Amino acid sequence: MGRLKLLILILFTTNLVASVAFSQDASVLGLPALSSTVGENGEASYSLSLQILVLMTVLTVVPSIVLGMTAFTRVIIVLSILRQALGTQQTPPNQVLIAIALFITFYVMSPIFEIIYETAVNPYLEGTLSAQLALSNATDLLKEFMVANTRSDTMNMFAEMAGVGPFENTQAIPLSIVLPSFITSELKTAFEIGFLIFLPFLVIDFVIASILMSLGMMMLSPMLISLPFKLLLFVLVDGWAMMIGSLASTFVVG
């Protein structure tokens, strides 16, 4: 059911963007296959070719929007740093890391996705809410999440550079300020978490390197010897569950 709602949410976003992009009355756009007409009730209808063109255009933008406005950025950076700290090269591979990051992102964002589905997607599909209002409701919910997980100093920095503010409430902050503030704050937070994750593995590397040097085995790579010890330590402390659980708890939802 959760996956179905996520799929409906993505299709809903695509449909909304297409509807908002062509909300103004238009006449023939120049090509017979790319045309729009206005009916008697004032509603605009678009040719199939034009709808497909808009759909393909939106599909190229939606992934960036979804990844940039959710918890994905922090999660994927931390997972990448963890892989480097373990020294396992390409294990887990990039496809697996992205899959893990997507699943964790869906877990973190599921309460917000549920509210978006109930307050925006479902009313729009039932025809009780217009496309513009549904898109506004969904955007406001994502904006609340982003502001709650954005550092205030980062938000103030972008507001000062834009020459706007102070703002009365969260809804008054424009997306042009929220989006760069959120992504910048996520980068800083992700690298701070990555630094803390890297420290214990760095200590193991130092200890192994010192032992090998004291034994005169300078030609033997310390990374080759420390790798099994780091993997053993990570497994004994149930590192994956601990790291993913701690990472998910760093987000403020609701």
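**Entry 1: layout.** I read the elements from the N terminus on, and they run α-β-β-α-α-α-α-α-α-α-α. That makes 9 helices and 2 strands; helices are DSSP runs of H or I with at least four residues, strands are runs of E with at least two, and both are numbered from the N terminus. I noted that this is a predicted model, in which local features need pLDDT of at least 70, side-chain atom pairs count only at pLDDT 80 or more, and totals for chains, interfaces and linings use all residues. Residues are numbered from 1 along each chain as its sequence is written, and side-chain values use heavy atoms, with hydrogens and water left out.

Entry 2: I looked up burial next: of the 254 residues of the chain, 35% count as buried. Buried means under 20% relative accessible area, exposed means over 50%, and partly exposed is in between (1.4 Å probe, protein chains only). The chain exposes about 14,800 Å², and carbon and sulfur atoms supply 69% of it. These areas come from the Shrake-Rupley method with a 1.4 Å probe; for residues, only the protein chains shown count as cover.

**Entry 3: the core.** Which residues touch the most other members of the largest nonpolar core? I found Ile116 and Phe145, out of 49 residues in that core. Helix 4 (94-126) is one of the helices that each supply at least two residues, and helix 4 gives the most, with 12 residues. Such a core is a set of buried Ala, Val, Leu, Ile, Met, Phe, Trp, Tyr and Cys residues joined through side-chain atoms within 4.5 Å.

**Entry 4: helix 6.** In helix 6 (residues 152-162) I found Thr154, Met155, Phe158 and Ala159 buried. They sit on the same side of helix 6 because they cover an arc of only 135 degrees around the axis; the arc is that of the directions from the helix axis to the C-beta atoms. The buried residues of helix 6 pack against helix 5 (131-148) and helix 7, where contact means heavy atoms within 4.5 Å. On the face turned away from the buried side I saw the exposed residues Ser152, Glu160 and Met161. Just after helix 6, Gly163 takes a positive phi of about 70 degrees.

**Entry 5: salt bridges.** How many salt bridges does the structure hold? I got 3, each a side-chain nitrogen of Lys or Arg within 4 Å of a carboxyl oxygen of Asp or Glu.

- Glu186 and Arg74 meet at 2.5 Å, N to O. Glu186 is in helix 7 and Arg74 in helix 3, 112 residues apart, and both are buried.
- Arg151 pairs with Glu192, with the closest N and O atoms 2.9 Å apart. Arg151 lies in the loop between helix 5 and helix 6 and Glu192 in helix 7, so this pair ties together parts 41 residues apart in sequence.
- Lys230 pairs with Asp205, with the closest N and O atoms 3.4 Å apart. Lys230 lies in helix 8 (residues 222-236) and Asp205 in helix 7, so parts 25 residues apart in sequence are tied together.

Is Lys230 buried or exposed? I found it buried, because its relative accessible area is 0%.
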